[in-house]
Amino acid sequence: MAVRWEPVKSGAARRDSRRGAPAVRYHRRMPVRPIVTLGDPRLRLPGRPITRFDRSLGELLDDMVETMDAAPGVGLAAQQIGLDLQLCVIRVDDRLFEVANPRIVHLSGEEGAWEGCLSVPGYRAWRLRAEHAVMTGQDRHGRAVTVNGHGYLARAIQHEFDHLQGELYIDALPEGAEIITEEELDRRHREEEGEGDREA
Ligand code: NI
């Protein structure tokens, strides 16, 4: 956070000034940012609306995409890098979405899956979600965007939207729901595969 707003007097900035651009930059790139995990109060802050669609927003989105891809993950909300903003990125099936100020305008159907979160590393829980979700919002330039997804993409839409309200997927589990480690999930999958082999 602190670094983000420090004026940076780099060689590049001085070159800009000769072309008449501002002599300082107010956003130093921090491509891959540390991911905030469960217990950090910043995960619980509802996002403030994005009002300025300027270069620093584009650079922040670039950092969020790099952080998500490096993790690797299928989505990342601003809260997960410690920022209380209405801003998230989603990448599913090589389709990349960047959404500021999102709203969910449609939910239908129901589907269960073992859901996880980069901010709750190493765990999964069986979570019911709408099978179809439509999110609207704005891109880095302030233009309207729509993310319309089924299945995995619908799940990512709902998961990231929850982050922007300061909520985590483990908040809304039904009474007695299982939260298991990824190792346990792998073990169960191997067991199921083993049973499949024996049946074949
Ligand atoms: Ni998450």
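Reader: Is Asn101 buried, exposed or partly exposed?

Author: Burial is read from a neighbour count: 20 or more other C-beta atoms within 10 Å of a residue's own make it buried, 12 or fewer exposed, and anything in between partly exposed, with C-beta atoms placed from the backbone. Asn101 counts as partly exposed because it has 17 C-beta neighbours inside 10 Å. The model is predicted, and local features need pLDDT of at least 70, side-chain atom pairs count only at pLDDT 80 or more, while totals for chains, interfaces and linings use all residues. Residues are numbered from 1 along each chain as its sequence is written.

Reader: Which peptide bond is cis?

Author: The bond joining Ala71 and Pro72, with omega about -10°. Pro72 sits in the loop between α2 (55-70) and β1 (75-77).

Reader: How many helices and strands does the chain have, and in what order do they run?

Author: There are four helices and eight strands. From the N terminus on, the order is α-α-β-β-β-β-β-β-β-α-β-α.

Reader: How should I read the sheet, and which strands are at its edges?

Author: Strands of a sheet pair through backbone hydrogen bonds, either parallel or antiparallel. Here two strands pair if DSSP finds at least two bridges between them. The open sheet has five strands in the order β1-β2-β3-β6-β7, with antiparallel pairing. Its edge strands are β1 and β7 (144-150), each pairing on one side only. Neighbouring strands are turned by 40° against each other on average, direction ignored. Axes are lines fitted to C-alpha atoms, for helices over the stretch in contact, and angles run from 0 to 180 degrees between N-to-C directions.

Reader: How many bridges join β2 to β3?

Author: Six, and the two strands run antiparallel. In one of these pairs, Leu87 has Ala100 in β3 as its bridge partner.

Reader: What surrounds Leu87?

Author: Leu87 is in strand β2 and counts as buried, with 29 C-beta neighbours inside 10 Å. Contact means C-beta atoms, placed from the backbone, within 7 Å. Not counting residues up to four places away in sequence, Leu87 touches Gly47, Ile50, Ala78 and Ala100. The C-alpha atoms of Leu87 and Gly137 are separated by 9.4 Å, although these residues are 50 apart along the chain.

Reader: Which helices lie on the strands?

Author: α2 lies across β1, β2 and β3, running at about 45° to β2. α3 packs on the sheet as well, touching β1, β2, β3, β6 (132-138) and β7, and its direction makes about 160° with that of β2.

Reader: What span should helix α3 have?

Author: The expected span is 1.5 Å times one less than the number of residues. α3 has 14 residues (151-164) and should span 20 Å; its end C-alpha atoms are 20 Å apart, which agrees. The helix is mostly covered, with 10 of its 14 residues buried. Among them are Leu153, Ile157, Phe161 and Leu164.

Reader: Where is the pLDDT below 50?

Author: pLDDT is the predictor's confidence in each residue, from 0 to 100. The chain averages 87, and 83% of the residues score at least 70. Over residues 1-18 the pLDDT is below 50, and this stretch has 21 contacts in the model beyond near neighbours in sequence. Residues 22-26 are also below 50, with 13 such contacts.

Definitions and conventions. Contact = placed C-beta atoms within 7 Å.
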